[in-house]
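The sequence and structure are shown first.

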Amino acid sequence: MGSLAHWTGCEARALRRALRLSVRAFAERLGVGVRTVTKWESLGAQTTPRPFMQSILDTALATADAEAKQRFELLLRQDGETPVRDYYRSGPREWDYETWTDDLGRAAACLAQQDFKFASSLVDRWLRRFTPLELDGHGLYLHARSLVLLGDLRRDQGDVQGPLSASHTYRCAHQFFRELGVPRRAAQVELSLAVVEEMNGRLDLAARRYEVLAGDSRLSPRDRTRALLWVGTALSKQGSNDHAVTVMAEAIRRFEQLEEPDDWAVAHQKMALAHRGAGALGVALRYLDVALANRSDSPMQRVRLQTAHAHILLSDRATSEGGLRLLDEAAGTSRTFGMSHQLASIEAIRSAFEHVN
């Protein structure tokens with residue numbers, strides 16, 4: 001919380017009340033005489049503490065807990081004589097940061113269920129409320145985290161190119177994390193940028209970036225393993241399925257060691273597609289069965305599993321009818337939740353099947 005631009009006896013009294021201290025206890029906390037505090041309160045706005053006293057009051061306010069600070073601001077509002085904003089230097093309060101952090105957690109939970117509208121509302125309210133110039137280090141960190149969530153939202157909706165794309169938003173967040181000296185967050189954004197490159201069809205570039213990040217010490221073991229898995233994904237899309245299977249098998253082993261069941265299940269889904277590409281449909285279905293038995297219940301993962309399952313079934317004429325039904329279900333869910341990239345992938349699979357048949 002910023003210090004006050006100025007203190008009078010009124011603000012000093014409000015601070016004492018916010019701290020819920022007696023006049024004597026407040027004087028002891030500040031290290032001043034009881035008569036001094038009594039004078040401030042009796043004269044109110046007609047007295048201004050001397051500069052060194054202003055500094056003492058600033059410190060008392062800065063070190064108060066969040067609830068006391070909020071009470072202090074509410075007490076200032078109650079007098080109604082001076083707008084609260086005129087008391088403060090620019091910038092958010094400590095409880096703003098606490099609420100901002102809570103809202104980012106809520107936005108991440110909404111995003112996990114593809115509730116894009118509410119997630120966007122939670123993130124946008126903070127990006128609009130404060131400009132980076134108003135923020136200190138803590139605020140800039142939350143601003144960058146907000147940009148990452150906005151990038152995730154745009155990526156999941158399929159907005160991966162252009163000035164309002166996930167790519168642009170991630171790059172902005174990356175710059176903030178680098179300037180703040182937060183290497184782990186910066187590396188996580190680099191991983192997200194590699195995902196966007198893959199989604200844009202730049203598979204060689206994506207694979208190279210994944211490979212570098214798979215050994216990057218800035219990332220957690222989980223994120224390094226995710227990067228390794230995505231090396232396999234890019235290889236599989238390029239047709240190097242045998243190499244992809246080897247890489248993905250190592251990722252599955254690591255996810256099991258790390259006790260990451262959701263990532264482990266996703267890796268089985270991707271392994272199924274690699275085996276499908278290699279023509280081993282029976283093996284592909286066995287891996288897919290594991291993924292289906294351990295899936296999370298998010299719409300995104302449901303669509304990905306249905307699409308993968310359909311892709312495998314369409315590879316055999318005997319099961320193609322079931323594959324087309326699954327594609328229809330996945331397409332319907334994608335439209336309902338606004339997942340345009342998933343919908344485009346589904347239509348590409350359908351078009352390829354119809355072209356061959």
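## Basis of the description

Helices (H or I, at least four residues) and strands (E, at least two) are DSSP runs, numbered from the N terminus. The structure is a predicted model, in which local features need pLDDT of at least 70 and side-chain atom pairs count only at pLDDT 80 or more, while totals for chains, interfaces and linings use all residues. Residues are numbered from 1 along each chain as its sequence is written, and side-chain values use heavy atoms, with hydrogens and water left out.

Glu-11 lies in helix α1. This residue is buried (under 20% relative accessible area; exposed is over 50%, and partly exposed is in between, with a 1.4 Å probe and protein chains only). A polar atom of the Glu-11 side chain does lie 2.6 Å from the backbone nitrogen of Thr-8.

An unreviewed UniProt entry places the feature "domain: HTH cro/C1-type" at residues 13-42. UniProt positions are given in the numbering used here, feature names are shortened, and annotations may be inferred rather than shown by experiment. The span of residues 13-42 is 80% helix and 0% strand, and its end C-alpha atoms lie 9 Å apart.

## Salt bridges

A salt bridge is a side-chain nitrogen of Lys or Arg within 4 Å of a carboxyl oxygen of Asp or Glu. The structure holds 21 of them. One of these joins the side chains of Arg-13 and Glu-41, at 3.9 Å from N to O. The pair links distant parts of the chain, with Arg-13 in helix α1 (residues 9-19) and Glu-41 in helix α3 (residues 34-43), 28 residues apart. Arg-13 is partly exposed, at a relative accessible area of 35%.

Asp-156 forms a salt bridge with Arg-155, with the closest N and O atoms 3.2 Å apart. Asp-156 is buried, at a relative accessible area of 10%.

## A helical pair and a network

Which residue forms a salt bridge with Arg-226? The partner is Asp-223, the closest N and O atoms being 3.0 Å apart. Because the two residues are 3 apart in helix α13 (residues 221-237), about one helical turn separates Arg-226 and Asp-223. Arg-226 is partly exposed, with a relative accessible area of 24%, whereas Asp-223 is buried at 5% relative accessibility. Elsewhere, salt bridges that share partners join Asp-328, Arg-335, Glu-347 and Arg-350 into one network.

How values were computed
Polar contact = N/O pair within 3.5 Å; in protein donor to acceptor, adjacent residues only side chain to side chain.
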